[in-house]
Amino acid sequence: MARSIGLLVCAFVLVACSSMASAAIVEHTFHVQNLTIGRLCNQQVITAVNGSLPGPTIRVHEGDTLIVHVFNKSPYNLTIHWHGIFQILSGWADGPSMVTQCPIRPGGKYTYKFTIINQEGTLWWHAHVSWLRATVYGALIIRPRAGQAYPFPKPHKEVPILLGEWWNANVVDVENQALATGGGPNVSDAYTINGRPGDLYPCSQNQTYKLKVKHGETYLLRIINAALNNQLFFKIANHNLTVVAVDAAYTTPKVTDVVVIAPGQTTDVLLKANQPAGSYYMAAHAYSSSPFPFDNTTTRAIIEYQGSNSATPIMPVLPAFNDTPTAHSFYSNLTSLEGCPHWVPVPRHVDEHMFVAFGLALEPCVTNATCQGLNGQRFSASMNNQSFQLPTSLSMLQAFFFNNENGVYTADFPNKPPVTFDFTNSSFNNATSLLFAPKSTRVKKLKFNSTVEIVLQNTALITTENHPMHLHGFDFYVLAQGFGNYNKTRDRKKYNLVNPQRRNTIAVPVGGWAVIRFTANNPGVWFLHCHLDVHLPWGLATAFAVENGPTPSTTLPPPPEDLPYC
């Protein structure tokens, strides 16, 4: 019955919006430069956009063309990634450094231009060089075209909730120190909600975000995890939340009292202000599934009802840091809302099958150096025993377009690991042939419009943990996920081929697996990588080189004239 009602609601929405207004051109200018900001009793110089943390919220409608002029006045190389945007025939605007462009040098500029096609919901933008995205980020909100409606009751107000991570240090120095020693980076000093740490931290009583609500009204909270290295549990005291979308894809409404969200992911929830007038904390802290050190502090903000005179907000009880059952229950019980805007059935025919085993690895410590990784080596990471390294002379997309791959990348990323073993058995931690992965820039070449199914298998090498994997340029269907080693005979029976959730970032379960499927209908070079920034420079990545289609309308156009070159 609920499914039938959902289809009727969507049908009504589609009929009601048959008249479509003309798409608009939305233009912004980003000035990226140093900003001195006070947090946690310190004055810290950060890199910021237009003098704010978070950066500006961009609001567009589906079908609009977005133009953003970026002026890099910072001392660092810079690119901006539009996280989750399909970039149909506009791969030059995707933004990952040395994948689709060379970085914008200090003093340089670049204009990103792209059209939002068949997407609506909450996405975001962030720097895609080094750890700059710790402070260079903001919301990207895509509303339905004029005259169209959401597939849920119109909220009284829409509120971006950006969850961030804060260091009392220069984040570029934090990363460089870790890379120099081969060990793990220093953990963050705080989490933030809309750039503010909240009143549990020192000197932060007046740095607590506050949202005023009116009793009886419904609010759409657009939650974004912009943290670098931590998944987060999020709750609001005494209030349930209704999940209506993830990663800008509508879901079957799901009522929950807790949200878990991985770095890179977005979750849209409806908050009904139906509790007695008063003040209530919204709070977030880490979900950590590995033995590595992590920031175990809690950020919180205040929801205050109009007319309330409550002096002490009520605090929610957050799950334990290692509450994997709660995290898995949330992640695995979401489904797509069939028949609603931009919904596409799951492709049944699969052209490319891949099995990708991934996790941490080691890199030999150079002679006469002291390294802080396991057994005196350097930490690394790999996918199918290949540790990815970015090119340095030319971006991969430029090499792709100009047929100049030699010396930039090779199109021979393996479809499966070189050795099949008990992937989630920690006793293999001393297997040198598995731990030391060679550095390479190997990509997988795909035919235009081919359908790809990937089994993403976590390994227990070094340790087990939950990895958020992000695919640029596409959404994918999450067909199934589970713990232990993927078993084709057993686990294919679990596939949801009717209404699986669609995402651009999947939190692959700790010591487990997930199966994703997507259609490669967009030519270009598209990054697949772990969205924990500690793991990306270690090599937990690869890319897909999608060939041009048969017509000019399915062929990547030439690069813009102002594209930065190395």
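Colleague: How many residues lie between β1 and β2 in the hairpin, and which residue in the turn has a positive phi?

Modeller: This is a predicted model. Strand β1 covers residues 25-39 and strand β2 residues 42-49. They form a hairpin with two residues between them. The turn residue with a positive phi, of about 50°, is L40.

Colleague: How many bridges join strand β1 to strand β2, and what is the bridge partner of V32 in β2?

Modeller: The two strands run antiparallel and are joined by eight bridges. For V32, the bridge partner in β2 is V49.

Colleague: Is V60 buried or exposed?

Modeller: V60 belongs to strand β3, residues 58-61. Beyond residues up to four places away in sequence, V60 touches V26, L66, I116, L140, I141, I142 and R143. Because buried means under 20% relative accessible area, the 2% relative accessibility of V60 makes this residue buried.

Colleague: What distance separates the C-alpha atoms of V60 and I25?

Modeller: Along the chain, V60 and I25 are 35 residues apart. Their C-alpha atoms are separated by 8.9 Å.

Colleague: Which residue's side chain is joined to that of R502 by a polar contact?

Modeller: R502 lies in strand β28, residues 502-503, and counts as buried at 13% relative accessibility. Leaving aside neighbours within four places in sequence, its contacts include F86, V246, H342 and W343. Its side chain reaches the backbone oxygen of H342 at 2.8 Å. The side-chain to side-chain polar contact, at 3.3 Å, is with D475.

How values were computed
Residues are numbered from 1 along each chain as its sequence is written. This is a predicted model: local features need pLDDT of at least 70, side-chain atom pairs count only at pLDDT 80 or more; totals for chains, interfaces and linings use all residues. Side-chain values use heavy atoms; hydrogens and water are left out. Helices (H or I, at least four residues) and strands (E, at least two) are DSSP runs, numbered from the N terminus. Buried means under 20% relative accessible area, exposed over 50%, partly exposed in between (1.4 Å probe, protein chains only). A polar contact is a pair of N or O atoms within 3.5 Å; within protein, one must be able to donate a hydrogen and the other to accept it, and residues adjacent in sequence count only if both atoms are side-chain atoms. Contact means heavy atoms within 4.5 Å. Two strands pair if DSSP finds at least two bridges between them.
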